[in-house]
Amino acid sequence: MSKHIEEIRELLADMDGLFAGFHDWLWGQYDAESGGFYYANSSKQLPASSGVPDIESTAQALNIMERFGLLSSLPAEMKRGLTRFFQKRQDPVSGYFYDANPLMREDEVMVARAISYSRNALRKLGGQPLYPLPYEAQQAPAYMDSPQSYLAWLQSVPLVNSWRGCDRLSTSSVYVRQVEPEERRGAYAKTAFDFFAEKQDPHTGLWGEGSYYVRISGTFKLHIFYDHFGIPLPREDLIYQSILIALRQEEAADMCYIRNPIHLLSYMKLSIPEEELREIIQITLTNMRRLLRADGGFSRELAHSPTAPNVAQVKPGEYYPGMPKAVHIGGGKVEGDMNAGTQALLIRSVCHQLAGNP
């Protein structure tokens, strides 16, 4: 066994140790009455429309339980409660899934993502939506009227902040995947991929503007679109070099900045030299340790858990036009939050995979 492999195993053991209190933290966010999970402990003290379990946090908790191998052993009553949680949040007319906070409906990214989160959660629980989804109910966004209107919308999305802009582009895949028949769906997908190819930076492999971490996070968002259609990212070698630059030179002030590069590496399936893999995991572990909190969870940001993750992509000093209003789901304390927790667990899993561990 090489020196680097031994060091990687030691680093991974240290990373495993970060999760000693995580299980207890997770169950502390469960709300039996609603069947859902809170974003953070401080969420329980917020006003009525905000201080309730939300769709994303509950779906993320379900993803965590799946990663822990707990889904099959969940009590039947808890599964029924989780199923009802998502079903009750679907609008019978439009087919969309909405949280109690009315501002959530004004954030196109949250609205689109809630469809995927809810549909996937119900599938895992053995349930299904009670009503037709938006495209089936003819409630999809107007830009989905034709491939031409879709292209016009893609071209209208600013990429001045890559993370936010690419998130908007990527979430449109929720609607593209609902298009029937398959030939028509393919026309929408081709429109998107041709547009993405035109916008990719030929020198860095990234999209849009911002720091390396911001552009890598935007690239991560677009990879979700590529993944939905089983297509590899173009210029993967350049993306890899950009990831190394970010890890070595920039501060990971957000758990997403730690997760997104690691997730991209697992998707690209590159052959990473042992020495560089050891360096990548070492930097990742150091960054994660800074976000571990006393309650056993992880914070999304170094300073605290953001009160409104929906606008946390654009940091102080950064800009993106037309940002939606903040949807507050936490109290902004130095505490664990579900958004960071699900990412931390994914990081751990992917690092083990990159090292060849099952």
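How far apart are the end C-alpha atoms of helix H1, and what span should its 15 residues have?

## Helix H1

The end C-alpha atoms of H1 (residues 3-17) are 22 Å apart. At 1.5 Å a residue, the helix should span 21 Å, so the two values agree. The expected span is 1.5 Å times one less than the number of residues. Helices here are DSSP runs of H or I with at least four residues, numbered from the N terminus. This is a predicted model, in which local features need pLDDT of at least 70, side-chain atom pairs count only at pLDDT 80 or more, and totals for chains, interfaces and linings use all residues. Residues are numbered from 1 along each chain as its sequence is written, and side-chain values use heavy atoms, with hydrogens and water left out.

Ile8, Leu11, Leu12 and Met15 of H1 are buried. They cover an arc of only 100° around the axis, which puts them on the same side of H1. That arc is taken from the directions from the helix axis to the C-beta atoms. An α-helix has 3.6 residues a turn, so residues three or four places apart point the same way. Lys3 and Glu10 are exposed on the other side of H1. Buried means under 20% relative accessible area, exposed over 50%, and partly exposed in between (1.4 Å probe, protein chains only). The buried residues of H1 pack against helix H13 (274-289) and helix H14 (338-354).

Isoleucine 64 lies in helix H3 (residues 55-67). Its relative accessible area is 1%, so isoleucine 64 is buried. Leaving aside neighbours within four places in sequence, isoleucine 64 is in contact (heavy atoms within 4.5 Å) with Phe22, Leu26, Met338, Gly341, Thr342 and Leu345. The C-alpha atoms of isoleucine 64 and arginine 259 are separated by 15 Å, with the two residues 195 residues apart along the chain.

Lysine 221 sits in helix H10 (residues 212-228). Its relative accessibility is 12%, so lysine 221 counts as buried. Leaving aside neighbours within four places in sequence, lysine 221 is in contact with Arg113, Trp163, Cys166, Asp167, Ser170 and Gln313.

## Backbone features in loops

Most residues other than glycine have a negative phi, and most peptide bonds are trans. A cis peptide bond joins glutamate 180 and proline 181, with omega about 0°. Proline 181 lies in the loop between helix H8 (173-176) and helix H9 (182-199).

Arginine 235 is not a glycine, yet it has a positive phi of about 60°. Arginine 235 lies in the loop between H10 and helix H11 (236-249). At 35% relative accessibility, it counts as partly exposed. Lysine 269, a residue other than glycine, also has a positive phi, near 55°. Lysine 269 is in the loop between helix H12 (255-268) and H13. It counts as exposed because its relative accessibility is 68%.

## H11 against H13

The axes of H11 and H13 come within 10 Å and cross at roughly 45°. H11 and H13 are therefore oblique to each other. Angles under 35 degrees count as roughly parallel, over 145 as roughly antiparallel, 65 to 115 as roughly perpendicular and the rest as oblique. Axes are lines fitted to C-alpha atoms over the stretch in contact, with angles from 0 to 180 degrees between N-to-C directions.

The crossing of H11 and H13 is left-handed: the near helix is turned anticlockwise from the far one by less than a right angle. Tyr240, Leu244, Leu247 and Arg248 of H11 make the contact with Glu276, Glu279, Ile280 and Ile283 of H13.

Conventions:
Helices (H or I, at least four residues) and strands (E, at least two) are DSSP runs, numbered from the N terminus.
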